[in-house]
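Take a look at the structure below.

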Amino acid sequence: VLKDKECPAMLIPSTPLARRCFPAIQAKKGVIMVGNKTTYEDGWGNHRNVTELLEGAKKANVVLETRQLAMKIFEDYTVSWYWIIIGLVIAMVASLIFIVLLRFLAGIMVWVMIVMVILVLGYGIFHCYMEYAKLKGEAGSDVSLTDLGFQTDLRVYLHLRQTWLAFLIILCVLELVIVLLLIFLRKRILIAIALIKVASRAVGHVMSSLLFPLCTFFLLCLCIAYWASTAVFLSTSNEAVYKVFNESACPFSGQTCKPETFNTSNVTKLCPDAQCLFAFYGGETAYHKYLIVLQFFNVFMFFWLANFVIALGQVTLAGAFASYYWAFKKPDDMPAFPLFSAFGRALRYHTGSLAFGSLVLAVVQVIRVILEYLDHRLKAAENKFAKFLLSCLKCCFWCLEKFIKFLNRNAYIMIAIYGTNFCTSARNAFFLLMRNIIRVAVLDKVTDFLFFLGKLLIVGSVGILAFFFFTQRIKLVQDTAPPLNYYWVPILTVIVGSYLIAHGFFSVYGMCVDTLFLCFLEDLERNDGSAEKPYFMSQDLRKLLKKTNKGQPDA
């Protein structure tokens with residue numbers, strides 16, 4: 001029992017502290033004692049001085065300091081919670097305003113960004129040339145990089161003309177590539193900007209979609225709660241195991257026993273000094289042996305349910321925004337409640353497709369969890385080939401998970417549009433995107449930039465406002481700000497909350513852009529502008545592509 005560290009090797013007088021036992025150390029007339037003694041036995045027959053216990057007892061201060069820190073943080077929340085809520089409401093309003101303004105400012109922001117990139121690169125080229133010219137004739141500046149070799153102090157390279165020449169060439173090539181891409185992709189960039197403007201109008205007509213992530217968040221919380229409670233029940237389903245311990249030789253030594261019937265069993269007759277003592281928590285049944293398998297199954301079900309909830313949200317939003325695009329007269333031809341209609345269709349007709357897509361993704365995610373578990377178990381191993389193989393597998397399955405998430409997202413959009421099964425929708429979406437791969441890349445980068453700019457703007461502005469308010473630097477509301485122990489507590493809370501709110505709003509907007517983009521590609525391939533097959537795209541998009549609807553008024 002002592003070797004397995006299941007019982008303490010030494011027993012000393014103790015005192016309770018935070019529900020833990022600590023040595024009862026006290027000072028009497030300047031002498032440090034524990035239990036009225038200046039020495040203690042260390043369990044190996046040696047007597048040690050009490051002062052050696054002080055180092056271990058000092059660690060208790062960490063617990064007390066952590067407890068005091070937690071109490072102060074809790075006090076800060078109690079006096080500032082309503083101001084935190086006000087900050088989060090401001091972030092919500094700012095996110096909504098930004099999405100509305102994208103209808104008018106998307107094009108300006110994108111072109112300003114492009115011009116800024118070109119100007120920054122141009123300044124970089126100018127700066128590199130000036131540094132290159134300034135070093136002309138200076139001692140040691142003409143040494144080549146190969147002759148200099150590797151230097152730990154990177155500032156040495158900045159005194160070489162060859163370094164600045166290399167920077168100059170790289171920036172010139174990059175500038176040339178960007179200018180050529182802008183020349184050849186200008187039309188696709190204009191299409192991406194027009195789609196973003198259409199998405200802003202679509203969100204404006206389906207305003208309830210901005211609150212739908214709260215439903216998804218609630219369902220995800222239920223999944224997390226179910227997984228956590230099941231995992232706790234499995235972890236605590238062990239039972240106390242008792243085994244026979246004795247000092248002399250005994251054939252029953254190490255066998256399991258029951259304390260209730262031990263004194264009346266044959267063990268005490270054959271081994272008088274034997275005792276039935278507690279050994280560990282666990283079990284020796286088949287159920288206890290395969291608890292780790294049940295835990296992995298619980299993790300798998302959590303991934304499956306969580307992915308299903310996310311898929312349900314994506315199909316619902318895609319159905320609502322697709323009803324906007326395929327309405328010829330917008331918004332007159334849209335259903336009365338597009339979001340609720342899409343949610344009902346998803347539950348009634350597409351549950352199987354969503355479950356299958358979620359299952360595929362859950363399988364890959366569980367394999368990644370198993371690989372991480374194996375990597376953790378093999379950390380102490382010396383087999384470098386096994387570590388290399390495991391790293392390769394982890395990388396491959398990470399890429400596979402990203403690809404499946406991308407494919408599932410577009411498959412769910414096709415399911416919402418056409419109502420086809422998962423496999424058919426995934427195939428059609430994949431080949432549709434592959435036929436328009438350049439448009440996909442341009443739209444993806446443009447929307448990524450706008451979302452990054454929006455999140456940075458919202459989180460930064462709300463965070464700065466919270467900083468000036470809680471540090472009492474705004475004179476108008478200086479007396480209103482609550483007194484705090486740590487002003488960074490509400491500030492960090494507001495910043496994190498603002499990011500989550502902005503992310504929730506932009507995730508809806510991103511789903512809208514992706515849905516309208518697939519609808520736009522389908523519209524181009526299936527319709528020709530005739531009276532029988534009119535285009536459903538907006539008038540701006542038709543002007544960009546020089547498309548017209550013959551015999552039909554503009555939508």
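This report takes those topics in turn. The model is predicted.

## The sheet

Start with three strands. They form an open sheet in the order β8-β7-β9, with antiparallel pairing. Which strands stand at the edges? They are β8, residues 256-257, and β9, residues 275-282. Each has a single partner strand, so one side of each is left without a neighbour in the sheet.

Strand β7 covers residues 239-245 and pairs with β9 over seven bridges, in the antiparallel sense. Find K243 in the structure. Its bridge partner in β9 is L277. Now find E239. Its bridge partner in β9 is G282.

Turn to the other neighbour. β7 and β8 also run antiparallel, and two bridges join them. Here Y242 has C257 of β8 as its bridge partner.

## The cavity

Next comes empty space inside the protein. Rolling a probe the size of a water molecule over the atoms shows where empty space is left. How many cavities of 30 Å³ or more does a search of the whole structure find? It finds one. The largest cavity holds about 40 Å³ of space.

Which residues line the largest cavity? They are F212, C215, T216, L219, V309, L312, G313 and F343. Two elements give two or more residues to this lining: α5, residues 212-235, and α9, residues 291-325. Helix α5 gives the most, with four residues.

Now sort the lining by class. Six residues are nonpolar and two are polar.

## The aromatic rings

Rings of Phe, Tyr and Trp count as a pair if their centres lie within 6.5 Å. By this rule there are 23 aromatic pairs. Two of the pairs are set out here.

| Ring pair | Distance between centres | Angle between planes | Arrangement |
|---|---|---|---|
| F297 and F300 | 6.4 Å | 40° | tilted |
| Y486 and W488 | 5.5 Å | 40° | tilted |

Why is the pair of F297 and F300 called tilted? Planes under 30 degrees apart count as stacked, and planes over 60 degrees apart count as edge-to-face. The rest count as tilted. The planes of F297 and F300 stand at 40°, so this pair is tilted. The planes of Y486 and W488 stand at 40°, so that pair is tilted too.

Look at where F297 and F300 sit. Both lie in helix α9, three residues apart, which is about one turn of the helix. Are they buried or exposed? F297 is partly exposed, with a relative accessible area of 49%. F300 is buried, with a relative accessible area of 17%. The cut-off explains the label: buried means under 20%.

What about the other pair? Y486 counts as partly exposed, at 23% relative accessibility. W488 is also partly exposed, with a relative accessible area of 38%.

Rings can also link into a cluster. Here ring pairs link W81, Y82, W83, F469 and F470.

Finally, look for a charge over a ring. R161 lies over the face of Y132, at 4.0 Å from the ring centre.

How values were computed: Residues are numbered from 1 along each chain as its sequence is written. This is a predicted model: local features need pLDDT of at least 70, side-chain atom pairs count only at pLDDT 80 or more; totals for chains, interfaces and linings use all residues. Side-chain values use heavy atoms; hydrogens and water are left out. Two strands pair if DSSP finds at least two bridges between them. On a 1 Å grid over the protein atoms alone, a cavity is a set of points where a 1.4 Å probe fits but cannot get out, and a pocket is an open set with protein on both sides within 12 Å along at least five of seven lines; lining residues have an atom within 4 Å of a point. Grid points are joined across faces, edges and corners, and a volume is the space filled by probe spheres set on the points. Ala, Val, Leu, Ile, Met, Phe, Trp, Tyr, Cys and Pro count as nonpolar, Asp, Glu, Lys and Arg as charged, and the others, Gly among them, as polar. Rings of Phe, Tyr and Trp (its six-membered ring) pair if their centres lie within 6.5 Å; planes under 30 degrees apart count as stacked, over 60 as edge-to-face and the rest as tilted. Buried means under 20% relative accessible area, exposed over 50%, partly exposed in between (1.4 Å probe, protein chains only). A charge sits over a ring if NZ of Lys or CZ of Arg is within 6 Å of the ring centre and within 35 degrees of the ring normal.
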